[in-house]
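Please look over the following model with attention to its backbone and to the contact between its chains. The report comes after the structure.

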Amino acid sequence: MNITRRQFFRICAAGVGSGSIAALGFAPGSALAEVREFKLTRATETRNTCPYCSVSCGVLIYTLGDKAKNAHEAVIHIEGDPDHPVNRGTLCPKGAGLLDFVRSENRLLYPEYRAPGSREWKRISWDEAFSRIARLMKDDRDKNFIEKNADGQTVNRWLTTGFLASSAASNETGWLSVKFARSLGIVALDTQARI
Amino acid sequence: MTNHWVDIKNADLILIMGGNAAEAHPCGFKWVTEAKAKRGAKLVVVDPRFTRSAAVADFYAPIRPGSDIAFLGGVINYLLSHDKIHHDYVKHYTNAPYLVREDFDFKDGLFSGYDAEKRTYNRDSWDYALGADGYVQVDETLQHPRCVYQLMKKHFERYTPDMVSRVCGTPKDDFLKICELIASTSTPDRVMTILYALGWTQHSKGSQIIRAMAMIQLLLGNMGRPGGGVNALRGHANVQGITDMNLVTDVMPGYLRLPADKEQEFKAFLEARALKPLRPNQMSYWQNFPKFWVSLAKAFYGNAATKENDFAYQWFPKIDKPYDVLHMFERMHNGQMNGLIVQGFNPLAAVSCVQKVQESLAKLKYLVVIDPLATETSEFWRDYGEYHEVDPAKIQTEVFRLPAACFAEDTGSFTNSGRWLQWHWKAVEPPGEAKSDTAIIAGIFTRLRELYRKEGGTFADPILNLSWAYAKADDPSPEELAREFSGKALADVVDPKDPTKVLAKAGEQLAGFAQLRDDGSTSCGNWLYCGAWPQAGNLMARRDNSDPSGLGFYLNWGFAWPANRRILYNRANADPAGKPWDPKRKTIAWDGTKWSGFDVPDMRPDAAPEENVGPFIMNPEGVGRLFALKGLAEGPFPEHYEPFETPLAANPFHPNNPQVVSNPAARIFKYDRERLGKADKFPYVGTTYRLTEHQHYWTKSVRLNSIVQPSQFVEIDEELAKEKGIRHGDTVKVVSNRGYIRAVAVVTKRLRPLMVDGRKIHTVGVPIHWGFVGVAQKGFLANRLTPFVGDANAQTPEFKAFLVNIEKA
């Protein structure tokens with residue numbers, strides 16, 4: 001019986017012992033020789049999009065963990081989504097390495113602060129980060145906001161703080177960022193799209 | 001892209017120029033492979049290097065970096081002189097027959113209206129000649145000396161094959177062969193697609209390069225057709241989405257231009273942007289601008305935006321000049337800026353002239369970096385020895401570094417290069433204390449708002465009234481945000497032709513931008529995205545990959561803007577009578593009562609062909625513009641200008657006019673002009689590019705990618721290597737007038753010297769992916785070399801053509 005790899009996982013995930021399935025002959029021919037295939041059997045499959053270039057290949061992210069409250073999930077495998085009309089399951093070298101991005105040693109874990117003249121980072125709390133940043137922004141805006149230009153025209157802009165927006169952030173992030181920046185009167189606003 | 005990725009398989013000829021799709025977009029490139037395999041399509045590649053795209057091409061030609069307009073102008077000249085154009089298409093769907101004002105002129109490399117001191121043009125003369133009826137004057141025979149067709153012919157007469165070869169270094173026979181191949185798609189049954197990327201945009205005249213390509217596609221009748229179009233292969237997962245949300249200085253979401261200082265009156269502001277039709281019966285879709293703007297204002301300020309206060313018009317900032325990233329750093333450099341928030345961006349690495357960016361950041365009072373990874377920008381104050389020499393004690397900037405979630409830890413939508421909005425789902429929690437970008441922005445905003453509530457302060461109204469009705473104020477959900485930008489009815493929206501018919505009830509999500517109103521009854525964050533989340537639910541999450549036409553439309557996979565149209569301007573795929581030029585590759589056709597077919601019509605569905613409603617519905621004339629009117633800063637026709645750092649002594653097209661060596665309308669700041677290098681000290685052309693295995697400055701934090709492509713290198717041709725005594729594998733130092741890098745030399749046949757204007761020009765290739773923060777070998781930021789000057793319209797820096805020297809290190 002010719003079934004696809006994904007169909008095989010679904011059958012296995014239904015709880016029937018994979019060994020008996022193989023024995024009954026309902027496995028793809030390669031399964032008997034490939035022990036490693038089974039690592040995805042109990043994984044949760046989530047559909048996502050590669051964050052790198054603008055082909056926006058569909059990816060499948062496999063995580064372990066049964067979604068119980070105290071079970072900590074972890075991403076164990078990322079591969080191309082065969083259902084996706086553009087990439088049809090393939091990934092380029094960048095996409096193929098996505099697992100190492102998610103698990104990079106360079107991932108930032110907590111808010112940090114570098115004081116003027118300092119040679120190092122200091123860990124701070126989110127509360128402290130948000131409070132201090134809001135304070136700095138408000139002080140700068142209150143002092144430098146331009147309500148009217150030299151000709152007496154109403155312009156309502158704030159030139160002394162800028163915002164550079166990410167091109168790898170979602171549309172939802174982009175929309176919220178626009179609301180944030182423009183309600184403050186920021187016009188020094190730009191994105192990677194420009195360069 | 002006017003078309004999309006899968007559609008590439010429908011082409012007969014594929015031109016890859018100003019881009020390297022096989023290496024930069026490998027999975028999208030499969031559609032080029034498919035076109036070759038299934039349709040017998042031919043691939044032509046024009047590139048300074050023999051790239052992997054070139055390696056699988058049917059024909060490859062080299063070109064000097066920075067000379068693309070000469071090449072494309074030569075193609076236009078070829079098409080016009082051999083009359084290889086799609087005649088009916090050009091006559092009916094472009095402004096070729098339109099007459100231009102008498103005072104429009106071009107002389108010695110400059111168009112009429114130039115102000116040398118300000119480096120700008122007064123564009124008044126770049127306009128149509130209007131008749132007494134207010135409409136444009138037209139000559140359908142294309143013979144009138146002032147019609148666009150004749151003016152265009154005259155303009156490109158100078159772009160002869162000999163001239164192209166002289167300026168580009170491309171062998172004349174190669175150039176002519178490519179012209180023949182391109183010209184073969186002028187018949188209705190053959191279509192060419194052009195795939196380009198940053199090789200065309202990262203120049204001081206990049207916008208005009210794109211224009212030249214668009215003109216070629218219009219002349220050949222390739223716009224609005226499956227397998228055709230003008231197809232930008234963009235570079236980030238959501239660069240298209242962020243562009244559409246317009247997180248740029250002078251535009252609001254949906255490409256709505258902010259008011260200029262002098263636009264103090266709301267009514268006049270709307271009128272200036274609501275472009276009325278310039279010919280009878282045209283849709284001139286921008287005339288709906290008021291509906292888009294007012295709905296945006298309601299999305300921003302809700303009930304605080306009323307008819308009485310012009311929908312909070314004065315709360316939106318006005319613009320006196322663009323504050324794009326280059327201008328931002330210039331101001332920072334001059335001590336005029338205090339703070340900078342950098343979200344998922346690494347400007348120290350990614351913007352040109354690292355030295356200037358570094359000095360600028362060091363003058364800030366505060367810097368906030370939001371990113372999943374540690375980046376050079378966040379560590380700009382740290383000393384990394386030779387890779388980044390600074391004295392932290394001298395840098396007073398306070399830096400906050402906030403950990404953000406990455407794609408796997410976030411739910412939301414990305415818009416791909418083909419305008420498809422695709423929803424993705426969160427697979428796992430972010431590590432440590434990292435938060436989603438939205439929670440971080442909301443965290444800062446809610447604190448700010450609280451401070452303004454408690455203390456008051458300067459002009460607090462917009463902040464206190466910004467609509468923020470999320471279930472959790474400090475953590476808006478992606479679903480709430482998506483529904484907000486897709487839009488809803490605030491009061492019942494009725495059919496204008498029959499007011500008893502309710503199209504959307506108050507509170508319901510809208511079906512599309514045709515339901516937007518300018519009276520405050522609708523709210524929509526981005527009119528182009530209207531309908532992505534209608535009452536039925538999240539269309540971006542659809543995953544139906546059925547393709548009944550076989551042409552790859554996939555109408556039920558995700559949601560494409562606008563209105564789920566997969567190919568823009570698709571009415572142009574049919575002749576004036578509404579019959580497709582090529583029945584085997586059709587999008588829509590006129591069926592007697594309406595437009596219908598495999599795609600969503602980009603046309604009023606009941607517009608009968610006799611009404612002559614043009615396919616380019618955003619233009620007031622309804623036709624594509626071969627003459628660009630006042631749209632671009634340096635002229636309505638493209639003209640070749642040299643890069644700001646050119647190996648030549650003059651512009652070969654205008655050797656006697658020093659004003660036009662390089663783009664006369666491009667902005668360059670004094671600091672940067674003083675740092676331009678000259679060919680006597682820097683005789684070689686430097687060009688930057690990316691590699692298959694890496695994504696910019698990102699994947700040096702990714703171990704697998706750093707393993708397969710670990711070490712910084714530059715590429716030089718065999719002749720230059722011999723001249724300099726450099727062997728393959730030697731360490732070399734590449735220097736520009738702004739800085740240097742050290743790297744391994746790859747001596748390759750991929751590059752070769754070109755004969756340009758009688759001189760031998762060598763190109764040095766500089767891949768960009770190294771820096772001083774990562775998990776692999778450290779390297780030098782490539783942008784230590786590049787010049788701080790941008791395109792006259794888009795301000796995209798000129799990363800692709802500058803001057804360097806090279807020596808063994």
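## Backbone of chain B

B:Asn246 lies in the loop between α11 (239-244) and β10 (251-252) of chain B, where helices (H or I, at least four residues) and strands (E, at least two) are DSSP runs numbered from the N terminus. Its phi is near 55°, a positive value in a residue other than glycine, and B:Asn246 counts as buried because 25 C-beta neighbours are inside 10 Å; the class requires 20 or more other C-beta atoms within 10 Å, whereas 12 or fewer make a residue exposed and counts in between partly exposed, with C-beta atoms placed from the backbone.

B:Leu142, in the loop between β7 (120-121) and α6 (148-156) of chain B, also has a positive phi, of about 60°, but is partly exposed, with 16 other C-beta atoms within 10 Å. The peptide bond from B:Trp561 to B:Pro562 is cis, with omega near -5°.

## Basis of the model

This is a predicted model, in which local features need pLDDT of at least 70 and side-chain atom pairs count only at pLDDT 80 or more, while totals for chains, interfaces and linings use all residues. Residues are numbered from 1 along each chain as its sequence is written, and chains are lettered from A and ligands numbered from 1 in the order in which they are written.

## Contact between the chains

In chain B, 134 residues are in contact with 100 residues of chain A, contact being defined by C-beta atoms, placed from the backbone, that lie within 7 Å. Helix α17 (residues 437-455) of chain B gives the most to the side of chain B that touches chain A, with 10 residues.

Key: Contact = placed C-beta atoms within 7 Å.
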